[in-house]
Amino acid sequence: MKFSRTKWFGLVLALAAALAVSGCGQKKVATPPPPPPPPPPAPTATLTANPNTINAGQSSTLTWKTTDATDISIDGIGKVGPSGTAQVVPTESTTYRLVAKNQSGTQESTARVTVNPPPAPAPPPLNAGDAQLFMDNMKDIFFEYDSYDISGQYTATLQKDASFLQAHPSIRFTIEGHCDERGSTEYNLALGDNRALAAKNALIAMGISASRIKTISYGKEKPFCTESTEACWQQNRRAHFVYNQ
Amino acid sequence: MKRFAIYAVLILASFTCASAQDWIRTGTGLGVEKIRLAVPDFKIGANEGSTQNLPLTFNQTLWNDLEAAGIFDLVGKSFYPLGAPGVPQDVRLKDWNQPPPNANMLAFGNLSVQGGYLSVQGWLFDVKNEQSPQVLGKQYREEANEGNARLIAHRFADEIIFRLGGGLPGIAETKIYFISNRSGHKEVWQMDYDGAGQKQITHNGSIALSPHVSPDGSRIAYAGVTKDGWQIQMWSLELGRSVSFPRFNGTNQSPAWSSDGKSLAFASSWSGHSDLYSIDSSGGAPRRLTNDKGPDVSPTWNPKTNAQIAFVSGRTGLPQIYTMASDGTNVTRVTDQGYAVSPSWSPNGQFLVFAWVRHYGPGAPGASDIYLMDIASRQFVQLTHDGGRNDFPSWAPDGRHIVYQSNRSGRTQLYMMLADGTQNRQLTTSGENTQPNWGNK
C-alpha cells in the first residue's frame, strides 16, 4: 500500500513536470475566468443512543450532531435540527438512522437501542413444578452385567438424588429396575427388582423415608435402547426414577 | 397320570442314560425301528354345499399329525396302489404289505359332508397280520366346518398314536399357551399344538408373562403388571374371565402348577429379595421354600412325583439350575457353568430341558441353546444348534416333543421339535412370541 501510494505520487509529479515543460513553450493568451465558488464540503453526521440497552418501558436518549447539512432527518422521528437530543421509548430493539444531506452528498449514522424483553411471568406454583424439578435433578444409576451392586460412582449420584429429595420432602416417586436384553425374561424380572430395591435401600440409608418410595421391576420389558450393543445394554441396566403425582 | 407315568418309564427306560449321545443318535424312535405307516387320502362320499375344502383340510391335518408324532415312517403317496380304499372291504392287504409300499400299518377311511354335518369313518389295519388286520375302527360326526375337520383328524391321529406309540397319548388335541405382543401389548394367547387356531386370551393392555396352564386345562396362571405391581393372575378358561388370586407385596412371577393341580410354586420378592414359595391352587397356605439373597425364579415341579422342584438361582453369581425337595430342603446344584435358565421337567421325571449359555464370558459367542439333561447321571445333550437365542423350552405331555422360543430368524418365534432336537417346525410368524407352555389334552 505504502509502495503503491509512493508510486502514484511519483506519477503525478512526473505528469506535472511534463505539463510545466510543455507550458513553457506557450505564450499566455488570456486571463481565465474566476473559478466558481467551491462546493460546500460533504456533510458529517453522528448519532449515539444512551443507554443503548434498556428494559422494555424504559427510555433512551438519542444524541446527534451534523455539520454542513441542509436536510437532516431521523427515521421514525422526522426532520430534526443540525444537532440535538431526543428521548425514545422503543418497545422492541430498534436501529435509529440519522440522514444528513446537502448538494454534495449524504451522510448516514445509525444507533441501535436493544430492548430486553419483559421478564417471564412469575413461576407457576411450586407443586406444578415438582415433576419438572424431579426430572431435572434426579439422576438414574447404572449397573454392571448381572449385578445389582451400586458402584462408588453411583453412590455419589444417589447422594445428590437424596439431597434433592430431602429438600423436597413432599415428593413421592417410583424406582423402576431395568435390565439388558440378554438372558431369561423371568431371571431379569428378579434382577431388575433387586436393582430397584438396592437403590431404594441406599436412599433409605441416606435418610429418605421408605413411605415415599415405590419400586417396580420391568426386567427387559421396557428397554431405553434397543440395539444389541454393549453401549445400549449399559443404558438398559439401570434404576430409573419416576415422579409420582 | 399314573398310567401315563408307567408308560413313560417303560419307553424311556429302553435306552441307557449313561450314553445319552447314543440315544440322541437313535432318535425318538426310542431305540425301535419306526413303523412304516401308509395313509392314503380318505375317500370322499358326498361333499355337498361346502365352500370350504373340508376333505383337503382333514387329509392334510391327519398326515401332519402322524408325521409330527415322530414315531412313524410315513410311506410316500407315490408308492400307493391306484384306488384308495374307503372301507375295509376295499383293502387288498397284498397291495400294501409288499413293496413298493411295504407298509406295516395302513390308516384309511372315508368322509362325507351332508346336511351340514361332516361324517368320518376311519380304520387302522396291521397289514402284515393277514388273519386279523383291524387294529382300530372309529366313527366321527360333527357340524361341517374347518375347525371340526381338523378336530376329527386330530382325534383319529391320537387314537393311532396311542395304539402304536407304546401307549403314550398323542398330542394332536393339545394346546400351547404363550405370550404374544401382536396386539401391541404382551398378552396370553393359545393355539393348537401345530400352530393353527391362534387366539388371544387376555386383554389387559399391560404386560403379561409366563403363562402356565393347570393340568386339567381349566385355568391359566400368569404374571401380570397390576396397580399393585407384578402379581400372579389367574384366568379361568371355563368362565372366560379373570378369577381372584391372592396378592403379595413385591414382584410375584413365574408360576408353575404341580401335576396334581393342587399347588402352585412361584417367585416373590415379598421379603426383599426374590425367593420361591408354594401355595395351594385355591390361594391358601403360602409356604416359603428358599431364603437367600440371590434371585430365585422359574420353578418347575417333577410332574411324576411332585416331590421335587427344579429352579433357577443367582445365589453364586450367574444363574444356574438347582433342584430341591418340594418343601425347600435338599438343595442341589445341577449345572456347573455358564448361564442356565428356564428349566422344564419331563413328564417321566427323568430329564430337565433348559436354556444354557454354556461358555459365558469374554470371547465366548454366547449363544443360548436348549439342552436336555438326565438328572440322575448329569449327562446332557445339546438340542438346538441353529444359532440365535433359544429359551423357554416346555415339554409336551407325551414326553417326546418340546416347544421353545428362538430368535434364529430375526424376531422371536415359537418352534417345536422332537426331544432329540430333530423335526424342528416353526409355529408362529406374527409379532414376537415367547414363553410357550404345553398343556395337557
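## Helix α3 of chain A

The face of α3(A) turned away from its buried side carries A:Gly152, A:Gln153, A:Ala156, A:Lys160, A:Gln166 and A:Ala167, which are exposed. This is a predicted model. Helix α3 of chain A runs over residues 152–167, 16 residues in total. From its first C-alpha to its last it reaches 23 Å, close to the 22 Å expected at 1.5 Å a residue.

The buried residues of α3(A) are A:Tyr154, A:Leu158, A:Asp161 and A:Leu165. Seen down the axis of α3(A), the buried residues fall within an arc of 60 degrees, so they line one face of the helix. An α-helix has 3.6 residues a turn, so residues three or four places apart point the same way.

## Overall form of chain B

Chain B contains 5 helices and 30 strands. Its radius of gyration is 23 Å, close to the 22 Å that the globule rule gives for 441 residues, so chain B is as compact as a globular protein of that length. The C-alpha trace of chain B spans about 70 × 50 × 40 Å along its principal axes.

Of the 441 residues of chain B, 50% count as buried. Among the contacts in chain B with a separation of 6 or more, 47% are between residues 24 or more positions apart.

## Domains of chain B

The domain assignment divides chain B into domain 1 (33–164) and domain 2 (175–438). The C-alpha centres of these two domains of chain B lie 36 Å apart.

Where the domains touch, 4 residues of domain 1 of chain B are in contact with 6 residues of domain 2 of chain B. On the domain 1 side of this contact, 1 residue is nonpolar, 2 are polar and 1 is charged.

## Contact between the chains

Chain B has 27 residues in contact with 15 residues of chain A. On the chain B side, the elements that give two or more residues are β10 (208–213), β12 (229–236), β14 (252–257), β18 (296–301), β22 (339–345) and β30 (433–438). The largest share of that side, 3 residues, comes from β22(B). By class, the side of chain B that touches chain A has 12 nonpolar, 14 polar and 1 charged residues.

## Cis peptide bonds

Most residues other than glycine have a negative phi, and most peptide bonds are trans. In chain A, the peptide bond joining A:Asn50 and A:Pro51 is cis, with omega about -10 degrees. A:Pro51 is in the loop between β1 (44–50) and β2 (53–55) of chain A.

In chain B, a cis peptide bond runs from B:Pro99 to B:Pro100, with omega near 5 degrees. B:Pro100 is in the loop between α4 (93–97) and β4 (105–114) of chain B.

## Positive phi in chain B

B:Asn330 is a residue other than glycine with a positive phi, near 60 degrees. B:Asn330 lies in the loop between β20 (320–325) and β21 (332–333) of chain B. It counts as exposed because it has 10 C-beta neighbours inside 10 Å, and the cut-off for exposed is 12 or fewer.

B:Gln435, also not a glycine, has a positive phi near 50 degrees. B:Gln435 is in strand β30 of chain B. With 29 C-beta neighbours inside 10 Å, B:Gln435 counts as buried, for which the cut-off is 20 or more.

Definitions and conventions: Residues numbered from 1 in each chain as written. Chains lettered and ligands numbered in written order. Predicted model: local features only at pLDDT ≥ 70, side-chain atom pairs only at ≥ 80, totals over all residues. Helix = DSSP H or I, 4+ residues; strand = E, 2+ residues; numbered from the N terminus. Expected span 1.5 Å × (residues − 1). Arc of directions from axis to C-beta. Contact = placed C-beta atoms within 7 Å. Nonpolar A, V, L, I, M, F, W, Y, C, P; charged D, E, K, R; others polar. Domains from an automatic or database assignment. Rg over C-alpha atoms; globule rule 2.2 N^0.38 Å.
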